[in-house]
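Here is a briefing on pockets and helix packing. Look over the sequence and the model first, then read on.

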Amino acid sequence: MSTFTAELVGTMILILFGGGVVAGAVLNKSKGFGGGWIVITFAWGLGVAMAAYAVGGISGAHLNPALTIALATIGNFPWADVPAYIAAQMIGAFLGATLVYFMYLPHWQATADADVKLAPFSTMPAIKHPLSNLLSEMVGTFILVLGILALGTNTITDGLNPFLVGMLIIVIGMALGGPTGYAINPARDLGPRIAHFILPIAGKGDSGWSYAWVPVVGPIIGGTFGALFFQQIFEGKNSIAFWIVAVIVIAIFIGAQLTVKNVQVED
């Protein structure tokens, strides 16, 4: 199996489990209906672990453009391979979401709420405030990439690392996922959003395109800063890129604080 195929299959597995548990928890008449946030976060984490076990030995199981770009930024992955990895991840995410659609085929018609039908595919914020939402995705992906790199510095029993990454996903979801649904992965959100747009889902609404840039841009900034932070603080390698991205991150934090008073919160 090539690295391209591995990233495609791994991301497909990730979305099949992740999107599948959301569908099972929110679509009417599902046996898992009402499963809730704990069920969703655990399944996402275990889904990531399973995908990593499946293809980690072939491609390194990035399964996430933000991680691929972050690793390339600090020299741990060749930039020449980045486009192919991202293309594979996007295709895999689209295919995984399509499988979720067919898995729950009768349940789309049984569910009236169009927003609920989008949830198994892509994230939407609990309170819409673009800079705060961007910040949430940045912080979640920052700690994801930093955590993955930090795990790599430890002596871990062979085969345990993917499971620990899955546990990291679970704690990120539980602690940091409330504001936006923690996409923390551009392919995980954009690939299924495209599937939602294309597939003939009964009674579907808008695919949320006005928000779609947030779970793409936020994870890329946050993941890149996580990798640069690891290199700067943990490894002691000074980098101009670290300071440039740090300024961008601080500006977004300040912008979110200055504009949050304008948020309209619906009951």
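Helices here are DSSP runs of H or I with at least four residues, numbered from the N terminus. The model is a predicted one.

**The largest pocket**

- The volume of the largest pocket is about 520 Å³.
- Its lining consists of 27 residues. Nearest the centre of this pocket are A61, H62, L67, I148 and V165.
- Four helices each give at least two residues to this lining: helix 2 (36–59), helix 3 (65–73), helix 7 (130–151) and helix 8 (161–176).
- Helix 2 supplies the largest share, with 5 residues.
- The lining of the largest pocket counts 18 nonpolar, 8 polar and 1 charged residues.

**The second largest pocket**

- The second largest pocket has a volume of about 360 Å³.
- It is lined by 17 residues, and V22, W37, A119, S122 and G181 are the closest to its centre.
- Helix 1 (3–26), helix 2 and helix 6 (114–118) each contribute at least two residues to this lining.
- Helix 2 gives the largest share of the lining of the second largest pocket, 4 residues. Helix 2 also provides the largest share in the largest pocket.
- By class, the lining of the second largest pocket holds 10 nonpolar, 5 polar and 2 charged residues.

**Helix 10 with helix 11**

- Two packed helices are described by the angle between their axes and the distance between the axes.
- Helix 10 covers residues 214–234, and helix 11 covers residues 240–259.
- Their axes come within 10 Å and cross at roughly 135 degrees.
- The crossing of helix 10 and helix 11 is left-handed.
- On the helix 10 side, the contact uses I221, T224, F225, L228, F229 and Q232. On the helix 11 side, it uses A241, F242, W243, V245, A246, V249 and I252.
- This contact of helix 10 with helix 11 has 11 nonpolar residues, 2 polar residues and no charged ones.

**Helix 7 with helix 10**

- The axes of helix 7 and helix 10 come within 6 Å. They cross at roughly 40 degrees.
- At that angle, helix 7 is oblique to helix 10.
- The crossing of helix 7 and helix 10 is right-handed.
- The residues of this contact of helix 7 with helix 10 fall into 18 nonpolar, 6 polar and 1 charged.
- Helix 7 is also among the helices that supply at least two residues to the lining of the largest pocket.

**Helix 3 with helix 10**

- The axes of helix 3 and helix 10 come within 8 Å and cross at roughly 35 degrees.
- Helix 3 and helix 10 make a right-handed crossing.
- Helix 3 brings A66, I69, A70 and T73 to the contact. Helix 10 brings P219, I220, G223, T224, A227 and L228.
- The contact of helix 3 with helix 10 contains 7 nonpolar residues, 3 polar residues and no charged ones.
- T224 and L228 of helix 10 meet helix 3, and T224 and L228 are also part of the contact with helix 11.

Technical notes
Residues numbered from 1 in each chain as written. Predicted model: local features only at pLDDT ≥ 70, side-chain atom pairs only at ≥ 80, totals over all residues. Heavy atoms only, no water. 1 Å grid on protein atoms, 1.4 Å probe; cavity = no way out; pocket = protein on both sides within 12 Å on 5 of 7 lines; lining within 4 Å. Points joined across faces, edges and corners; volume = space filled by probe spheres on them. Nonpolar A, V, L, I, M, F, W, Y, C, P; charged D, E, K, R; others polar. Axes fitted to C-alpha atoms, helices over the stretch in contact; angles between N-to-C directions. Left-handed = near helix turned anticlockwise from the far one by under 90°. Contact = heavy atoms within 4.5 Å. Parallel < 35°, antiparallel > 145°, perpendicular 65-115°, else oblique.
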